Structures are given as C-alpha cells and as structure tokens.
Amino acid sequence: MRPGDLVVVKQTIGRHMPPRYRDRGYGVVLRVAKSKPITFQGVGEVQLGDDITVHLGTGETEVFCEESVKTL
C-alpha cells in the first residue's frame, strides 16, 4: 500500500465475538507510517502493523490500522 492508492475502510470495533465492523467507505491513502514493534518482557517483540492515513469520501482524514484498510 502506498500514497495515492484507492482503498475501502472497514473498521473493526472492539473485541466482540463475532466481530463487529463499521463501514467507513472509500478513500485515498495519504500516508503510510511504519510502526516499530513493541517489546514485552517474557513475550518478545509484537508487531502492531502500520498506521495508514486515509482521506475518506466524507471529507474526513483519519488514521487506521492496516488491517482495516484494503486496496481496490
């Protein structure tokens, strides 16, 4: 994924079973911020995923986890 890509955003809400989603619609990727892994004692490194800044069709600009954003 890179800036300028057209994407659809389906955001996961909470930790419910079954999962709950919020459709945020279509948008354009403005920025991809590579995140550093977090280190937990006794567990090791945990990669949280990249932060994707998206300008949505509603006019809002928000940051989403890469799992919520799919390229078209």
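Q: How many bridges join β1 to strand β7 (residues 69-71)?
A: Strands here are DSSP runs of E with at least two residues, and helices are runs of H or I with at least four, each numbered from the N terminus. Two strands pair if DSSP finds at least two bridges between them. β1 and β7 run antiparallel, and the number of bridges joining them is three.

Q: What pLDDT do local features need in this model?
A: Residues are numbered from 1 along each chain as its sequence is written, and side-chain values use heavy atoms, with hydrogens and water left out. The model is predicted: totals for chains, interfaces and linings use all residues, side-chain atom pairs count only at pLDDT 80 or more, and local features need pLDDT of at least 70.

Q: In β7, which residue is the bridge partner of V7?
A: β1 covers residues 6-13. Its antiparallel partner β7 spans residues 69-71. Within β7, V7 is bridged to T71.

Q: Which residue in β2 stands opposite T12?
A: β2 covers residues 20-33 and runs antiparallel to β1, with eight bridges between the two. They form a hairpin with six residues between the strands. Opposite T12 stands Y21.

Q: What omega does the peptide bond from M17 to P18 have?
A: P18 lies in the loop between β1 and β2. In the turn of this hairpin, G14 has a positive phi of about 65 degrees. The bond from M17 to P18 is cis, with omega near -5 degrees.

Q: How many strands does the protein have?
A: The pattern along the sequence is β-β-β-β-β-β-β. There are zero helices. The strand count is seven.

Q: Is I52 buried or exposed?
A: Relative accessible area sets the class: buried is under 20%, exposed is over 50%, and partly exposed lies in between, with a 1.4 Å probe and protein chains only. I52 is found in strand β5. Contact means heavy atoms within 4.5 Å, and beyond four places in sequence I52 has contacts including V29, F64 and V69. Because its relative accessibility is 2%, I52 counts as buried.

Q: Why does T39 count as exposed?
A: T39 lies in strand β3 (residues 38-40). Leaving aside neighbours within four places in sequence, its contacts are G44 and E45. T39 counts as exposed because its relative accessibility is 58%.

Q: What distance separates the C-alpha atoms of T39 and R22?
A: I52 and T12 are 40 residues apart along the chain, and their C-alpha atoms are separated by 15 Å. T39 and R22 are 17 residues apart along the chain. Their C-alpha separation is 30 Å.

Q: What percentage of the residues of the protein count as buried?
A: The C-alpha atoms fill a box of roughly 45 × 30 × 20 Å along the principal axes. Among contacts between residues at least 6 apart in sequence, 42% join residues at least 24 apart. Of the 72 residues, the buried part is 22%.
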